[in-house]
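Here's a quick tour of the fold and its aromatic residues. Have the viewer open as you read.

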Amino acid sequence: MPQAVHSSAPSRLDTRPRTPQTKSMRHIYMQFDFGRDEEKAQLARHKLETWKQAFRLDKKLLYNFERATDGAPAAEPVAAKPDKPKAKGKAKAKDEPEAPTSNETVKLLLRLGFSNHEKLSEQRWVDRIPTEEPFVAASPKVLKLGDADFADTEKQFEELNQGGWDRRDARR
């Protein structure tokens, strides 16, 4: 009686072994340095959220904020002196204190992840984002796969993303 040969891998006589249908997408990173201007950073966050909803870019446009403290104490807000009201019906004097200057620098790290068949959309976003208002003054830097700082930037993005929504932008 012939003995059956048992192997750990099933043999495929009529088909080739399967390869994954999805390939890993290449990413493009953009760095923006807002310095100590928290207001512009929040304006940029708002604009990114608007684009994500309007153009359905939920997984294609991801961002993280990095805040670094320089060690100096934060400046205290200066309260404005109340003025006497002149007359009713005229414009009121503002009693709001000036916005305090923060002692932490704010950097935005943005990742675009479009699939291969969306190259035109990807290029349009790469061209558009650095030219929009809150991003122009933040010294935009675009990093693609062959660039020298790409691996460091990718690692930095993943480290910032570890904490999820809580660490991404605590100022919401």
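## A buried phenylalanine

Start with Phe135, which counts as buried because its relative accessibility is 0%, under the 20% cut-off. Keep in mind that this is a predicted model.

Phe135 has a ring partner in Phe32: the ring centres sit 5.0 Å apart with the planes at 50 degrees, so this is a tilted pair. Phe32 is buried too, because its relative accessibility comes to 1%.

## What the pair links

Which parts of the chain does this pair tie together? Phe32 belongs to strand β1 and Phe135 to helix α3 (residues 133-136), so the link joins parts that are 103 residues apart in sequence.

Zoom out a bit and the two rings turn up in one aromatic cluster, along with Trp51, Phe55 and Trp125. The aromatic pairs number seven.

## The sheet

Now for the strands. There are four of them in an open, antiparallel sheet, ordered β2-β3-β1-β4. At the edges are β2 (61-69) and β4 (141-143), each with pairing on one side only. From one strand to the next, the twist averages 20 degrees.

Helix α2 (residues 119-128) lies across β1, β3 (104-112) and β4, and runs at about 15 degrees to β1. Helix α4 (residues 150-161) lies across β1, β2, β3 and β4, at about 85 degrees to β2.

How values were computed
Residues numbered from 1 in each chain as written. Predicted model: local features only at pLDDT ≥ 70, side-chain atom pairs only at ≥ 80, totals over all residues. Heavy atoms only, no water. Pairing = 2+ DSSP bridges. Helix = DSSP H or I, 4+ residues; strand = E, 2+ residues; numbered from the N terminus. Axes fitted to C-alpha atoms, helices over the stretch in contact; angles between N-to-C directions. Contact = heavy atoms within 4.5 Å. Phe/Tyr/Trp six-rings, centres within 6.5 Å; stacked < 30°, edge-to-face > 60°. Buried < 20%, exposed > 50% of the residue type's maximum accessible area, 1.4 Å probe, protein only.
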